[in-house]
Amino acid sequence: MTSYTVRVEPIGADVTCRDDQTVLDACLRDGVWLPHACTHGTCGTCKAQVLDGDIDLGDASPYALLDSERDDGCALICVAKPKGDLVIEGEVDVEDGVEIHPVRDYSGTVDALDDIAPNVRRLIIALDAPMRFNPGQYLQLNLPSGDSRPYSIASTPADPTHVELHIKRTEGGAATEGWIFRELETGDSVSVSGPYGKFSFRPLRDKPVLLLGSGTGLAPLKSIVAHLLETTEDTGWENDVVLYHGVATRADLYDRDWFEGVQDQVDWFSYRPVVSREECDGRQGRVPALLTEDFPRAGGNTAYICGNPAMVEDTLKALMKARLFPRDILREDFFDAADRASGAHVVRSPLIKR
Ligand SMILES: Cc1cc2nc3c(=O)[nH]c(=O)nc-3n(C[C@H](O)[C@H](O)[C@H](O)COP(=O)(O)OP(=O)(O)OC[C@H]3O[C@@H](n4cnc5c(N)ncnc54)[C@H](O)[C@@H]3O)c2cc1C
Ligand code: FES
């Protein structure tokens, strides 16, 4: 194993990176934050310019890193590894109020594993050491095969030794059908790394909040709501927070009691279940359509969208039609291997930053 130096411009930080390690991993572990989302070469968020040196581009999706971008010296640093000393240039700016937590490895034990909706399990892991993270971020769960999968953290940083995940069964999925829904049991040892991602609550944006999730895309939104609830006495949070949870049937609406309890407890929070295949509370439809009915003008909010890439894309379009600027929209796409293979949802508009 050989290690190289990666200089990150424009800040001039020098990071040591092994030849079997991705450039992003080395940076995040060293506390040098660079934008990233999927960490699997799918979304293009981590694109950086290689100013000097040789890089192995790794398993970058041809949809997320085009041939012309490869020719221009760009790399997806979440999958690229150094072949020598490197100089790269990335977007290192971090929004005020957002803390940087270096990525670390953790071992843990399955504390609870429960079915909470058809094909959804809540996995609670007791960690051997506290993991610091921002509400909305995700971790990588290591599979017995040595591979890993990203899962959003539904719990809050207030209890950093326990993390709650909401995991949907994916047909033919190695992590879900092959392990989490088949073999994994309470008391089993697991390992994770984290925290990852730029989808996190922005504490200094003093604006009303729209939380828009589908399926297990509820997980990071629950973390945000719970965090606001826990910190409201210190922060004096008073802005409206409206949460839409989109699912197919009423049976898929998990944690409904908890959200309705929060709604009863504080006047700034409102919970709107959105069911597409049957009526729920007198309404039926999908998140983008019901959102448009309720918010024909959405300007002045900060929106957080999370779920499958098609839902995220449609909701984003609805918000932009309702005059919400891209800078006020944060998105987390739950890409899987099928999305990666098809590249169907890679966004190329310069207006929309991942
Ligand atoms: C940032 C992020 C956060 C996420 N958070 C969550 C979360 O909180 N909860 C959650 O439920 N999910 C989440 N996901 C999705 C999750 O990481 C996994 O992708 C999902 O659980 C499926 O994993 P799997 O191993 O079971 O399926 P995989 O084995 O990865 O397969 C997924 C699907 O792709 C198909 N497939 C496999 N290989 C190919 C191929 N080469 N070509 C075409 N199709 C193929 C499989 O048959 C299957 O249908 C998140 C994803 C991201 C990017
Ligand atoms: S974070 Fe690198 S491609 Fe998504």
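The model is predicted, and its secondary structure comes to 8 helices and 18 strands.

**Overall build**
- Taken along the principal axes, the box filled by the C-alpha atoms of the protein chain is roughly 60 × 50 × 45 Å.
- Of the 354 residues, 53% count as buried, while the protein chain exposes about 15800 Å², of which carbon and sulfur atoms supply 45%.
- Among contacts in the protein chain with a separation of 6 or more, 69% are accounted for by residues 24 or more positions apart.

**Charge**
- The protein chain carries 36 positive and 58 negative side chains, and the centres of these two sets lie 5 Å apart.

**Aromatic side chains**
- The count of aromatic pairs comes to 8.
- One of them joins Phe-259 and Phe-269, whose ring centres are 6.2 Å apart with planes at 35 degrees, so this pair is tilted.
- Because Phe-259 lies in helix α5 (residues 256-265) and Phe-269 in strand β16 (residues 269-275), the pair ties together parts that are 10 residues apart in sequence, and both residues are buried.
- Phe-259 also pairs with Tyr-271, and here the ring centres are 5.5 Å apart and the planes at 5 degrees, so the pair is stacked; it links helix α5 with strand β16 across 12 residues.
- Phe-259 is buried with a relative accessible area of 0%, and Tyr-271 is buried with 6%.
- One aromatic cluster is formed by Trp-258, Phe-259, Trp-268, Phe-269 and Tyr-271.

Notes. Residues numbered from 1 in each chain as written. Chains lettered and ligands numbered in written order. Predicted model: local features only at pLDDT ≥ 70, side-chain atom pairs only at ≥ 80, totals over all residues. Heavy atoms only, no water. Helix = DSSP H or I, 4+ residues; strand = E, 2+ residues; numbered from the N terminus. Buried < 20%, exposed > 50% of the residue type's maximum accessible area, 1.4 Å probe, protein only. Contact = heavy atoms within 4.5 Å. Areas by Shrake-Rupley, 256 points an atom, 1.4 Å probe, with all protein chains shown as cover. Lys, Arg positive; Asp, Glu negative; His and termini not counted. Charge placed at Lys NZ, Arg CZ, Asp CG, Glu CD. Phe/Tyr/Trp six-rings, centres within 6.5 Å; stacked < 30°, edge-to-face > 60°.
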